[in-house]
Amino acid sequence: MEFSNGILDFKYDGASYESGHMQLVLNQFFPTTNTRVRFLMNKIIALNPIERYQIAETILTYLKGAYDPEEYRAAKKDYANAVVSLRTKAGEMQEGIDKQAAKIARMKQYIKELPRGKKKPYQEELQQEKEKLKVLKEKQTNLKRDAQYNNGRFIEVNAKDKRFKENIRIIEELSAGWN
């Protein structure tokens, strides 16, 4: 069995498999689902029962080195704070948007009541106010989109954190049961 640069190489009895060699790229495999971890560990037992403890210990050592709870906690905190901040800013913008929309509605009503010859300058001003409203809405939409993105990243980091914990727990339980 060899382990270097996150790649675990080990040989096994090639009777049921042609090559008799397995290569596991740990940083691409982990973290993974509980089913895949169990399948991998059962495959290791079946393929190489003699070195199974050493292989399991190597995988555990890698996982514990690759998993830093503080790093995940900090990332989750950063994403959560970003979501709250962006949603708050977007919510605060709503008042300005409502005021701008009300101003436009009043201008439309005023222009409607004017005689035909006097409407043109007010219609140009109305168009400018509509542009301002459009810009405000775009900014709010961008803030909401950024908040949604950060929320998705929070969910991904949280899921990865849970998978790492579960992967470690399952491998420890399975290797303890081999005695």
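Predicted model: local features only at pLDDT ≥ 70, side-chain atom pairs only at ≥ 80, totals over all residues.

Trainee: Which elements does the protein have, and in what order do they run from the N terminus?

Mentor: Start by counting helices and strands: there are 5 helices and 3 strands. From the N terminus on, the order is β-β-β-α-α-α-α-α. Of the 179 residues, 32% count as buried.

Trainee: How do I read a single helix? Say, which residues of helix 2 are buried?

Mentor: First the general idea: an α-helix has 3.6 residues a turn, so residues three or four places apart point the same way. Now the case here. Helix 2 covers residues 34-47 and reaches 20 Å from its first C-alpha to its last, close to the 20 Å expected. Its buried residues are Val-37, Leu-40, Met-41, Ile-44 and Leu-47. They sit on the same side of helix 2, because they cover an arc of only 135° around the axis. On the other side, Thr-35, Phe-39 and Ala-46 are exposed.

Trainee: Okay, on to charges. How many salt bridges does a search of the whole structure find?

Mentor: Side chains of opposite charge can pair when their charged atoms come close. The search finds 10 salt bridges. Take Asp-161 and Lys-76, whose side chains meet at 3.0 Å, N to O. That pair links distant parts of the chain, with Asp-161 in helix 5 and Lys-76 in helix 4, 85 residues apart.

Trainee: Why does Asp-161 count as buried?

Mentor: The cut-off for buried is under 20% relative accessible area. Asp-161 counts as buried because its relative accessibility is 4%. Lys-76 is buried too, with a relative accessible area of 17%.

Trainee: Which other residue forms a salt bridge with Asp-161?

Mentor: Lys-165 does, with the closest N and O atoms 3.5 Å apart. Asp-161 and Lys-165 both lie in helix 5, 4 residues apart, about one turn of the helix. Through shared partners, salt bridges join Lys-76, Asp-161 and Lys-165 into one network.

Trainee: And what about Lys-119: is that residue buried or exposed?

Mentor: Lys-119 is buried yet has no salt bridge. The nearest side chain of opposite charge, Glu-113, is 10 Å away. You'll find Lys-119 in the loop between helix 4 and helix 5. Leaving aside residues up to four places away in sequence, Lys-119 touches Ile-111, Lys-112 and Leu-114.

How values were computed:
Residues numbered from 1 in each chain as written. Heavy atoms only, no water. Helix = DSSP H or I, 4+ residues; strand = E, 2+ residues; numbered from the N terminus. Buried < 20%, exposed > 50% of the residue type's maximum accessible area, 1.4 Å probe, protein only. Expected span 1.5 Å × (residues − 1). Arc of directions from axis to C-beta. Lys, Arg positive; Asp, Glu negative; His and termini not counted. Salt bridge = Lys/Arg side-chain N within 4 Å of Asp/Glu carboxyl O. Contact = heavy atoms within 4.5 Å.
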